Amino acid sequence: MLSLNDLRNAFACRTTVRRSTVGAVITVALVLGGCTAGFAPMYAARDAGGAGLSEKLKSVSLATIPGRVGQQIRNELIFATRGGSEESVAQAYRLEISIRERKGTSLVDRTGDSIGQTYLLDANFRLINTADGTIALRGQSSARAAIQKFTTIYSNVRALRDAQDRAARTVATDLKVRLETFLATQV
């Protein structure tokens, strides 16, 4: 049977836990309460004076990227930022991308023959402000895609093309997120 002291100690401990929990909640609320002006949904509609993120994305001109993979990246970006439509709004920025492609061996059988490769795609990008020609954002994005080698030539060509398409889609998605993050902070 519990004594009166045991009940008092249990009640005191429970009260202390409640007080510390309430104190922590109040502290977090006060800290975050002061920051609410800095946090806003990226895709939220802006006031009459500001453009939304989708409109800002449409203001980025995409320069031509040489090669089939470059064109694939550009097409993915056009579709992701404009829904596939042509450039129609005033272009505030120009995105220039240069790519580097290579293949590396990833799997080797007992005889030393390659049975698998990795397609490596690196993209360097610069976002240029068209008003004054300054570089507003620069960086690098990369993607890796596995390729399994087959005995027929057509299968190998198709496997490489599929790996290139997967890597291009990955780079385009990464670039879109970086553009969105940058443009969301611009007034």
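Colleague: With which side chain does the side chain of E180 make a polar contact?

Modeller: A polar contact is a pair of N or O atoms within 3.5 Å; within protein, one must be able to donate a hydrogen and the other to accept it, and residues adjacent in sequence count only if both atoms are side-chain atoms. For E180, the partner is the side chain of K176, at 2.6 Å. Do remember that this is a predicted model, where local features need pLDDT of at least 70 and side-chain atom pairs count only at pLDDT 80 or more, while totals for chains, interfaces and linings use all residues. Residues are numbered from 1 along each chain as its sequence is written, and side-chain values use heavy atoms, with hydrogens and water left out.

Colleague: Where does E180 lie, and is E180 buried or exposed?

Modeller: Helices (H or I, at least four residues) and strands (E, at least two) are DSSP runs, numbered from the N terminus. E180 belongs to helix α4. Buried means under 20% relative accessible area, exposed over 50%, and partly exposed in between (1.4 Å probe, protein chains only). E180 counts as buried because its relative accessible area is 4%.

Colleague: How do the strands go together, and in what order?

Modeller: Two strands pair if DSSP finds at least two bridges between them. Here four strands form an open sheet, ordered β1-β2-β3-β4, with mixed pairing. At the edges are β1 (60–62) and β4 (135–148), each pairing on one side only. From one strand to the next, the twist averages 25°. β1 pairs with β2 (residues 93–108) in the parallel sense, over three bridges, and S61 stands opposite R94 in β2.

Colleague: Which helices pack on the sheet?

Modeller: For the angles, axes are lines fitted to C-alpha atoms, for helices over the stretch in contact, and angles run from 0 to 180 degrees between N-to-C directions. Helix α3 (residues 68–82) packs on the sheet and touches β1, β2 and β3 (114–129), its direction making about 125° with that of β2. Helix α4 (residues 153–184) also packs there, touching β1, β2, β3 and β4, and its direction makes about 155° with that of β4.

Colleague: How many bridges join β3 to β4?

Modeller: There are 13 bridges, and the two strands run antiparallel. N124 stands opposite Q140 in β4. Their hairpin has five residues between the strands, and G133 there takes a positive phi near 80°.

Colleague: Which residues of α3 are buried?

Modeller: They are V69, G70, I73, R74, L77, I78, T81 and R82. Their cover includes α2, β1, β2, β3 and α4. Just after α3, G83 takes a positive phi of about 70°.

Colleague: And which residues touch the most other members of the largest nonpolar core?

Modeller: In soluble globular proteins, nonpolar side chains tend to be buried together. A nonpolar core is a set of buried Ala, Val, Leu, Ile, Met, Phe, Trp, Tyr and Cys residues joined through side-chain atoms within 4.5 Å. In this model the largest one has 30 residues, and I73, L77, L95 and I97 touch the most other members. Helix α4 gives the most to this core, with 10 residues. Not counting residues up to four places away in sequence, I97 touches I65, I73, L77, A123, N124, F125 and L175.

Definitions and conventions
Contact = heavy atoms within 4.5 Å.
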